[in-house]
Each structure stands twice: as structure tokens, then as C-alpha cells.
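Subject: Structure handover

Hello,

Here is the structure I promised to pass on. Please open it and keep it beside this email as you read.

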Amino acid sequence: MSPIDQCVVNAGESVRSVAQVRAVASTVNLVREQFPAAKPNLRPWRDDAQTRQWDEPESLDLSFHFPGWSPRLQCRSLLLQLRFQNHEGDEVQKLLGVLIRGMTYDGERWRLATVGDWIPEGSHVPQAEQAAQLRQMCRDLFLLFDLKVHQRDDP
């Protein structure tokens, strides 16, 4: 595993503000809208000294496990890594990027990053309809954490 792959923070351990609690809850709700059978896991990484050394406060990681194999997604779990711009005291965090990985017990099958063309890449990619759901979920996440949208909503 490369150092960039080890830059992890469990969502369940990194929440330190009301804004972060909202971010986690809203993210779980958005994923469950697209994939209702997915069960959230706010602690996808093991808790050991080697993993903790890569703690990054501007990253939020959570996973979603399916009750079995998802042939349309070509995985058993989704690992979401959200990267935020860190501003102390902000009620809404600004989302900089999303990385979604389709995982099995053997490891990563595919990944979709919100850079470039947002197309899943890997050995076993999801079907076109599920890839579209993943892209929609990413668009919804960017809208959820769009500071301009939230500033318009304020009285």
C-alpha cells in the first residue's frame, strides 16, 4: 500500500465539530438514497499505530457494506474518501474531492475519482447504470457541501 493510500481517517473517530457530524450524517443519507441496502461503517480502517500516523483532519473516510455480492457494482463494499478544505469555525465544510472504491475481500476492484472524467477504472467496473448512480451521488455530495448554496439559504 502506498503512502497516499494510507492517508486515512475513520469518520467515526474524526468528528470534532457540529459541522463534521452533519457532514457524516448527510453523507450517509445521500449514499443510502442511491443504495438503500448499503450498511454504513464509520470506522473502515483498523485502529493501530501504523494507520493512526496517517491521520489527516481534512479527510473523512467511511464505507458501506452490501448484504452480499453486488453484481451490478462488482463489489461487496464501497469505500468513500471525502477531502475537505479545512476552515475552523465554518458551519459547512467545502468538499474538494471524492474518491469511491469498490472493494471485496481481495481488495480494490475499481475506483472513481472526482477528477478528470469521473469514470470508474479498474479490473471489474460497475455497470453503466450504477456508474451513473455513483456520479450522481458525487454531484449531490458537492451540492451538499457547496458554501454558496448554504449562504443563500441563511436568513
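First, the ground rules. This is a predicted model, in which local features need pLDDT of at least 70, side-chain atom pairs count only at pLDDT 80 or more, and totals for chains, interfaces and linings use all residues. Residues are numbered from 1 along each chain as its sequence is written, and side-chain values use heavy atoms, with hydrogens and water left out.

**Strands**

Helices (H or I, at least four residues) and strands (E, at least two) are DSSP runs, numbered from the N terminus. Two strands pair if DSSP finds at least two bridges between them. β2 and β3 run antiparallel and are joined by 8 bridges. Phe 64 has Leu 78 in β3 as its bridge partner. The two strands β2 and β3 form a hairpin, with 4 residues between them. β3 also pairs with β4, again in the antiparallel sense, over 9 bridges. There, Ser 77 has Met 103 in β4 as its bridge partner.

How many residues of β3 are buried? The count is 8 of 11, so β3 is mostly covered. Buried means under 20% relative accessible area, exposed means over 50%, and partly exposed is in between (1.4 Å probe, protein chains only).

**Core**

A nonpolar core is a set of buried Ala, Val, Leu, Ile, Met, Phe, Trp, Tyr and Cys residues joined through side-chain atoms within 4.5 Å. The largest one has 28 residues. Those that touch the most other members include Phe 35, Phe 64, Leu 78, Ile 100 and Trp 110. Two or more residues each come from α2, β2, β3, β4 (94-104), β5 (107-113) and α4.

Take Ile 100. Beyond its neighbours within four places in sequence, Ile 100 is in contact (heavy atoms within 4.5 Å) with residues including Leu 78, Trp 110, Leu 134 and Cys 138.

**Aromatic pairs**

Rings of Phe, Tyr and Trp (its six-membered ring) pair if their centres lie within 6.5 Å; planes under 30 degrees apart count as stacked, over 60 as edge-to-face and the rest as tilted. The whole structure holds 3 such pairs. In one of them, the rings of Phe 35 and Phe 66 have centres 6.2 Å apart and planes at 80°, so the pair is edge-to-face. Phe 35 sits in the loop between α2 (18-34) and β1 (39-41), and Phe 66 in strand β2 (residues 59-70), so the pair ties together parts 31 residues apart in sequence. Both Phe 35 and Phe 66 are buried.

Phe 84 and Phe 145 form another edge-to-face pair, 5.1 Å centre to centre with 80° between the planes. Phe 84 lies in strand β3 (residues 75-85) and Phe 145 in the loop between α4 (128-144) and α5 (147-153), so this pair ties together parts 61 residues apart in sequence. Phe 84 is buried, at 5% relative accessible area. Phe 145 is buried too, at 5%.

**Single residues**

Most residues other than glycine have a negative phi. Gln 74, in the loop between β2 and β3, has a positive phi near 60°. Trp 118 has a positive phi of about 60°. Trp 118 is in the loop between β5 and β6 (121-122) and counts as buried, at 18% relative accessibility.

Best wishes
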